[in-house]
Amino acid sequence: MVQKMDEVKKYKLNFELVPDGCWYSNLRSILSKNQWDFLKADAKSRSGGKCSICGAKTTRLDAHERWRYDENTHTQILEDIVAVCKDCHSVIHIGRTQLCGDETRAEQHFLKVNGVSYAEYRKALGEANEDHQRLNKISEWKLDLSYLKRYVKQD
């Protein structure tokens with residue numbers, strides 16, 4: 001089963017729970033500081049100083065890696081790097097946000113950005129947790145970073 005981004009994205013702002021086997025399999029831990037800073041600056045530049053999800057204008061944007069998970073090939077595939085505000089980032093990584101004790105703020109941001117009820121929030125969170133449990137059945141994931149080829153100068 002291949003989890004396609006357009007199938008996963010039910011709302012403007014979604015939860016993106018990373019399978020346990022993919023924790024620390026991120027660009028910041030793989031690339032040099034200069035390489036990561038370049039990608040982060042590119043994402044922020046493309047966003048025009050606004051959160052790519054909620055549109056908030058802020059000087060403090062995070063770079064967020066968008067991943068797709070191919071369950072057939074056990075591959076974690078980098079789809080994009082986008083600039084997001086802190087509030088959207090806390091929703092995207094709701095599991096970490098819950099561990100830090102700041103779920104209420106993230107919940108309110110999810111409701112506001114998506115224009116949904118609390119019941120819809122809980123349903124979306126439940127579905128994200130179900131997906132996370134299913135993806136966790138795969139203990140090892142291969143990494144596909146072919147997205148980064150766009151940054152390599154071709155002769």
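This is a predicted model: local features need pLDDT of at least 70, side-chain atom pairs count only at pLDDT 80 or more; totals for chains, interfaces and linings use all residues.
## The largest pocket

Rolling a probe the size of a water molecule over the atoms shows where empty space is left. In this model, the largest pocket holds about 1,100 Å³ of space, and of the 34 residues that line it, those closest to its centre are V18, R28, H89, H93 and R96. Two or more lining residues come from each of the elements α3 (33-47), β1 (61-70), α4 (86-92), α5 (94-99) and α7 (118-135).

Among the contributors to this lining, α5 gives the most, with six residues. When the lining of the largest pocket is sorted by class, there are 11 nonpolar, 12 polar and 11 charged residues.

## Strand β1 and its two faces

The strand β1, which is one of the elements that contribute to the pocket lining, is mostly covered, since 10 of its 10 residues are buried. In a regular strand the side chains alternate between the two faces of the sheet. For β1, both faces are covered: one side carries L61, A63, E65, W67 and Y69, the other carries D62, H64, R66, R68 and D70, and all of these are buried.

The partner of β1 is strand β2 (residues 75-85), and the two pair in the antiparallel sense over 10 bridges. Within this pairing, H64 stands opposite V82 in β2.

Together β1 and β2 form a hairpin, with four residues between the two strands. In the turn of this hairpin, H74 has a positive phi of about 55°.

Key: Residues are numbered from 1 along each chain as its sequence is written. Side-chain values use heavy atoms; hydrogens and water are left out. On a 1 Å grid over the protein atoms alone, a cavity is a set of points where a 1.4 Å probe fits but cannot get out, and a pocket is an open set with protein on both sides within 12 Å along at least five of seven lines; lining residues have an atom within 4 Å of a point. Grid points are joined across faces, edges and corners, and a volume is the space filled by probe spheres set on the points. Ala, Val, Leu, Ile, Met, Phe, Trp, Tyr, Cys and Pro count as nonpolar, Asp, Glu, Lys and Arg as charged, and the others, Gly among them, as polar. Buried means under 20% relative accessible area, exposed over 50%, partly exposed in between (1.4 Å probe, protein chains only). Two strands pair if DSSP finds at least two bridges between them.
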